[in-house]
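Here is a short report on one structure. Have the sequence and the 3D view open as you read.

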Amino acid sequence: MPRGYREGHYDFEDNGMQLHTPRVWDNVVKGTPDECWAWKRFHHPITHHPMMGIKLHGRRIMTYVHRVLWLLCHGPIPEGHHVVHRCMNARCVNPDHLELGTHKDNSKDMVKRGRSRTILTNDQIRNIFTDDRTCHEISEEYNIHNTTVSTIRRGKSFKPLTNGLKSICRMGN
């Protein structure tokens, strides 16, 4: 436990978020300002972003470390903005490699740098929506994650393309 730490004592409080800052920095493997810095602890299994537990309004939740470090080093994150990695390394927690941007800005930047995920055509999206195979079978064919198939089939994403089509979504796929 860090020196000077007391149960219930937090060095940083903002909008209901409570955080003991030495715990954050103790888990960062720092390099030079130009290098990407690593997080020693848990990483999200799909996005690979470093994550940590914080208290928010008295409840413990998991959040992305790069967002916490932005708050500590630069201040609040304006509504409608994301903390994005200039270095395009999702595992990096170097505050100098972070900047604010919208979801649209981040998506455009990923495409521009050739880091976008598999792009489905409109026809492929419509085919996925009406396909009666399991999500796993479809995801293997299109080289996409099961969750992507599931959100398309449930009408949660690409809604304008699937409007008026009948979904063949089966539970447990």
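## Tyrosine 64 and its contacts

Tyrosine 64 touches His44, Thr47, His49, Pro50 and Met51, leaving aside residues up to four places away in sequence. Contact means heavy atoms within 4.5 Å. One of these partners is histidine 49. Histidine 49 lies 15 residues from tyrosine 64 along the chain, yet their C-alpha atoms are separated by 6.6 Å.

## Basis of the model

This is a predicted model: local features need pLDDT of at least 70, side-chain atom pairs count only at pLDDT 80 or more, and totals for chains, interfaces and linings use all residues. Residues are numbered from 1 along each chain as its sequence is written, and side-chain values use heavy atoms, with hydrogens and water left out.

Tyrosine 64 is found in strand E6, residues 59–64. Helices (H or I, at least four residues) and strands (E, at least two) are DSSP runs, numbered from the N terminus. Strand E5 covers residues 51–56 and pairs with E6 in the antiparallel sense, over six bridges. Two strands pair if DSSP finds at least two bridges between them.

Methionine 52 has threonine 63 in E6 as its bridge partner. Two residues sit between the strands of this hairpin. There, histidine 57 takes a positive phi near 50°.

## Helix H5 against helix H6

Two packed helices are described by the angle between their axes and the distance between the axes. H5 (residues 135–142) and H6 (residues 146–153) pack at about 115°, with axes 8 Å apart. Axes are lines fitted to C-alpha atoms, for helices over the stretch in contact, and angles run from 0 to 180 degrees between N-to-C directions. H5 and H6 are therefore roughly perpendicular to each other. Angles under 35 degrees count as roughly parallel, over 145 as roughly antiparallel, 65 to 115 as roughly perpendicular and the rest as oblique.

Which residues of H5 and H6 meet? From H5 come Cys135, His136, Ile138 and Ser139; from H6 come Asn146, Val149, Ser150 and Arg153. By class, the contact of H5 with H6 has three nonpolar, four polar and one charged. Ala, Val, Leu, Ile, Met, Phe, Trp, Tyr, Cys and Pro count as nonpolar, Asp, Glu, Lys and Arg as charged, and the others, Gly among them, as polar.

## Helix H4 against helix H6

The axes of H4 and H6 come within 8 Å and cross at roughly 80°. H4 and H6 are therefore roughly perpendicular to each other. Ile125, Ile128 and Phe129 of H4 make the contact with Val149, Ile152 and Arg153 of H6. This contact of H4 with H6 has five nonpolar, no polar and one charged residues.

Asparagine 122 is also in H4. Asparagine 122 is partly exposed, with a relative accessible area of 42%. Phenylalanine 158 is 36 residues from asparagine 122 in sequence and 8.9 Å away in space, C-alpha to C-alpha.

## The buried side of H6

Val149, Thr151, Ile152 and Arg153 are buried in H6. The buried residues of H6 pack against H4 (122–130) and H5. Glycine 155 follows H6, with a positive phi near 75°.

How values were computed:
Buried < 20%, exposed > 50% of the residue type's maximum accessible area, 1.4 Å probe, protein only.
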